[in-house]
Amino acid sequence: MNQLNICSDIDGTVTRSDDWLDLINKSFDKSIASENHKIYDYHRLIGILRENYEAFYQKHKKEMFAKSSFRPMAKEVISEFYQNHRVHFVTAWDTDVEPVTIQWLMENFVDYDSISHLGSHNKVQRAFELDCDLFIEDRYENAWELSEAGFEVLLMNCPYNQGPIHYRTTRICHWNDILEIVREKEVKNTASYARVI
Ligand SMILES: [Mg+2]
């Protein structure tokens, strides 16, 4: 079976998309429910200037990342992928939180082949470098850009990523959906390999 290069974003994709809402609600005196988290950028969601949110983020980001929690089945499915494929985490997070991320993954016994902290939302170049076969993502614009560049994307459904999707993007709701899609690819791969030999 051919190994796939499975790339995945972390926040909101591997982790729950509402992990940070409590802290944000408390800090900015808001009461935004997770189903009303309809705008990706927090400064726009809570109606403050980008630089004010950036100051908050810079102060709290390590604490926020360290307290992230997994989406249901994310850990189990990633663990299965790691047995047969290559798992690459590609996050927009800044490089200065890399030790926190690595520690968090280690403490939670998550195996992976590589991790990239890009410090920007532009993930297309890294997807090319990793020879990506499948990209799992929660940010709408990233999914669109990656699909436009030719990559197959699985978009984790969230209130903030609604809208029409690119034909190379599939909207999914659970890590079990991802598992099913990868298993279908494994069957196709095995069948085409069998035809070759
Ligand atoms: Mg994300």
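**Walking through a predicted fold**

Let me start with V87, which touches I6, I78, F81, Y82, D111, Y112, D113 and S114 when residues up to four places away in sequence are not counted, where contact means heavy atoms within 4.5 Å. Before I go on, please keep in mind that this is a predicted model, in which local features need pLDDT of at least 70 and side-chain atom pairs count only at pLDDT 80 or more, while totals for chains, interfaces and linings use all residues. Residues are numbered from 1 along each chain as its sequence is written, and side-chain values use heavy atoms, with hydrogens and water left out.

Returning to V87, you will find this residue in strand β2, which covers residues 86-91; helices (H or I, at least four residues) and strands (E, at least two) are DSSP runs, numbered from the N terminus. V87 counts as buried, with a relative accessibility of 3%, and the cut-offs are under 20% relative accessible area for buried, over 50% for exposed, and partly exposed in between, using a 1.4 Å probe and protein chains only. If you look for N5, you will see that 82 residues of sequence separate N5 from V87, although their C-alpha atoms are 6.3 Å apart in space.

Now to the loops, and to T15, which sits in the loop between β1 (5-8) and α1 (21-28). Is T15 buried or exposed? T15 is buried, as its relative accessible area is 2%. Once we leave aside its neighbours within four places in sequence, T15 has contacts with I10, S68, S69, F70, R71 and W104.

One of those partners, S68, takes us to another loop, the one between α3 (50-66) and α4 (74-84). S68 is also counted as buried, at 9% relative accessibility, and, without residues up to four places away in sequence, S68 touches T15, D19, W20 and W104.

Strand β4, residues 134-137, pairs with β5 in the parallel sense over three bridges, and two strands are said to pair if DSSP finds at least two bridges between them. Within that pairing, E137 is the residue standing opposite L155. To get from β4 to β5, the chain passes through helix α7, residues 140-148, in a right-handed β-α-β crossover, meaning that with the strands pointing away from the viewer the path from the first strand over the helix to the second runs clockwise. Strand β6, residues 169-172, runs parallel to β5 and is joined to this strand by four bridges.

Which protein donors does the magnesium ion have? They are D9 (OD), D11 (O) and D138 (OD), lying 2.1 Å from the ion; donors are N, O and S atoms within 2.8 Å of the metal (3.2 Å for Na, K and Ca), and sites may look incomplete because water is not among the atoms. Along the chain, the spacing of the donors is D-x1-D-x126-D. Because D11 lies in the loop between β1 and α1 while D138 lies in the loop between β4 and α7, this pair ties together parts that are 127 residues apart in sequence. Both residues are buried, D11 with a relative accessible area of 16% and D138 with one of 1%.

Finally, please look at two residues on the backbone, D29 and F109. Phi of D29 is near 55 degrees, which is a positive value in a residue other than glycine, and phi of F109 is likewise positive, near 55 degrees, in a residue other than glycine. D29 belongs to the loop between α1 and α2 (42-46), whereas F109 is placed in the loop between α5 (98-107) and β3 (114-117). D29 is exposed, with a relative accessible area of 71%, and F109 is exposed as well, with 73%.
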